[in-house]
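Good morning, colleagues. Please have the sequence and the three-dimensional view open while I speak about side-chain contacts.

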Amino acid sequence: MALTGVARGEDLFLSDPPLTTEVSQPAETEAAVDQLTSPSVVFGPECSPGCCDSADIEKTFCSVACDSIFGDTSLRCWTPLTLDTFFSEGWDEAWVGGPAGESGLTPRHGWLGSFEGLFYRLWLVSGGYQHNLNKSFGGNGYNSNFTAFLPINRRFEVFFDAPLVNANGTDDPTQGYRADFGDLRVAGSFLLSETKSFTQLITIGATIPTGTPLTGGGVSAVFPRYSFWSNPGGAWVVRGGTGINVPVNQTTAQTTFNGDLAVGRYLTQHDVPLGDLVFYLNCNVSVPIEGTGQGNVGIGPGTRFQIAGNWYFLHYWEFQAVRSSQPFDYQMQTAIVKAW
């Protein structure tokens, strides 16, 4: 849910959302577990013989993509996908959300601040605040993003993040405090494997320099990464990943290694007040792999719960653990997610 404008490892999206944005999606119950809605879908049953027999229906890339984005997922059933069938299975199947973990207690949602690790079908609007920027002009930073996750089939998903506002002071005293459109980010994710309790993705993304350097934009970069989601047992979820962010149009920007790890526990079922309530702790690490810069470590808590239907509320705080190189004292982000 990352949901926001830096290397994905530092995004406040969504988990997710994140743009962690959730940043965010499925839900649960066994009969009640396998069929609960998540932010993005009503789960279909697991496949039994003949359950998903559609071999007589002609499928095209466009028809599968359209069904994945707009179709009724409650009419589909879910089966595991394995790494050894990556090139042969899932490409001609419309997306459907997986079950809510091994025991049905952990919906496949996105969390702000953490890597995705899952496919989602949703959009979200997020707003962020950064306190005491470590810049010559000081002050605070503000941002707002629109993010969308669109599955094309069971193996491929596209994502885009539009930073509607990046606001802070500038190094140019004649410009003062200003707000601008930020750098657009687009990405494609490939699902390597998915079981009831474990999912893993490879994502290839790019930052497009649609922003201005005056407010931290104007950077072109690529950001390949690996992410995972897991349910080790009970109502617990562990997720995270690794990746790199490689600037391609600036000699002053550094290539960085980014890592993320989050652990959380779900406390409520779906169809209750504050349904799908989860609290988690997230850690993001960014380390330059060239030059002489210092790394950043951000740690903080987050939460997510259902507002009504497939509308969700997400919130995340992050505090800088390495005081000598911190880009700001702390940051927070809030998002509203709509899944369908």
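I begin with a definition: a charge sits over a ring if NZ of Lys or CZ of Arg is within 6 Å of the ring centre and within 35 degrees of the ring normal. Arg 225 meets this description, lying over the face of Phe 115 at 5.9 Å from the ring centre. Arg 304 likewise lies over the face of Tyr 312, at 4.6 Å from the ring centre.

Two remarks on the source. This is a predicted model, in which local features need pLDDT of at least 70 and side-chain atom pairs count only at pLDDT 80 or more, whereas totals for chains, interfaces and linings use all residues. Residues are numbered from 1 along each chain as its sequence is written, and side-chain values use heavy atoms, with hydrogens and water left out.

Let me turn to the charged pairs. A salt bridge here is a side-chain nitrogen of Lys or Arg within 4 Å of a carboxyl oxygen of Asp or Glu. How many does a search of the whole structure find? The search finds seven salt bridges.

One of them joins Glu 116 to Arg 225, at 2.6 Å from N to O. Glu 116 lies in the loop between α2 and β3 and Arg 225 in strand β10 (residues 225–233), so this pair ties together parts 109 residues apart in sequence. Helices (H or I, at least four residues) and strands (E, at least two) are DSSP runs, numbered from the N terminus. Are these two residues buried or exposed? Glu 116 counts as buried because its relative accessibility is 3%, and Arg 225 counts as buried at 4%. For reference, buried means under 20% relative accessible area, exposed over 50%, and partly exposed in between, with a 1.4 Å probe and protein chains only.

A further salt bridge connects Arg 108 and Glu 194, at 3.4 Å from N to O. Since Arg 108 lies in the loop between α2 (61–70) and β3 (122–131) and Glu 194 in strand β7 (residues 184–194), the pair ties together parts that are 86 residues apart in sequence. Both Arg 108 and Glu 194 are buried. The two also belong to a network of salt bridges that links Glu 93, Arg 108, Arg 154 and Glu 194.

Next, the nonpolar residues. A nonpolar core is a set of buried Ala, Val, Leu, Ile, Met, Phe, Trp, Tyr and Cys residues joined through side-chain atoms within 4.5 Å. The largest such core has 23 residues, and those with the most contacts inside it include Trp 111, Leu 122 and Tyr 266. At least two residues of this core come from each of β3, β12 (256–266), β13 (278–288), β15 (311–320) and β16 (330–339). A second, separate core has five residues, among them Trp 95 and Phe 119.

Finally, the aromatic rings. Rings of Phe, Tyr and Trp (its six-membered ring) pair if their centres lie within 6.5 Å; planes under 30 degrees apart count as stacked, over 60 as edge-to-face, and the rest as tilted. The whole structure contains 19 aromatic pairs by this search. In one of these, Phe 86 and Trp 91 are edge-to-face, at 5.4 Å centre to centre with 80° between the planes. Phe 86 is buried, with a relative accessible area of 12%, while Trp 91 is partly exposed at 31%. Phe 86 and Trp 91 also form one aromatic cluster with Phe 87, Phe 156 and Phe 190.
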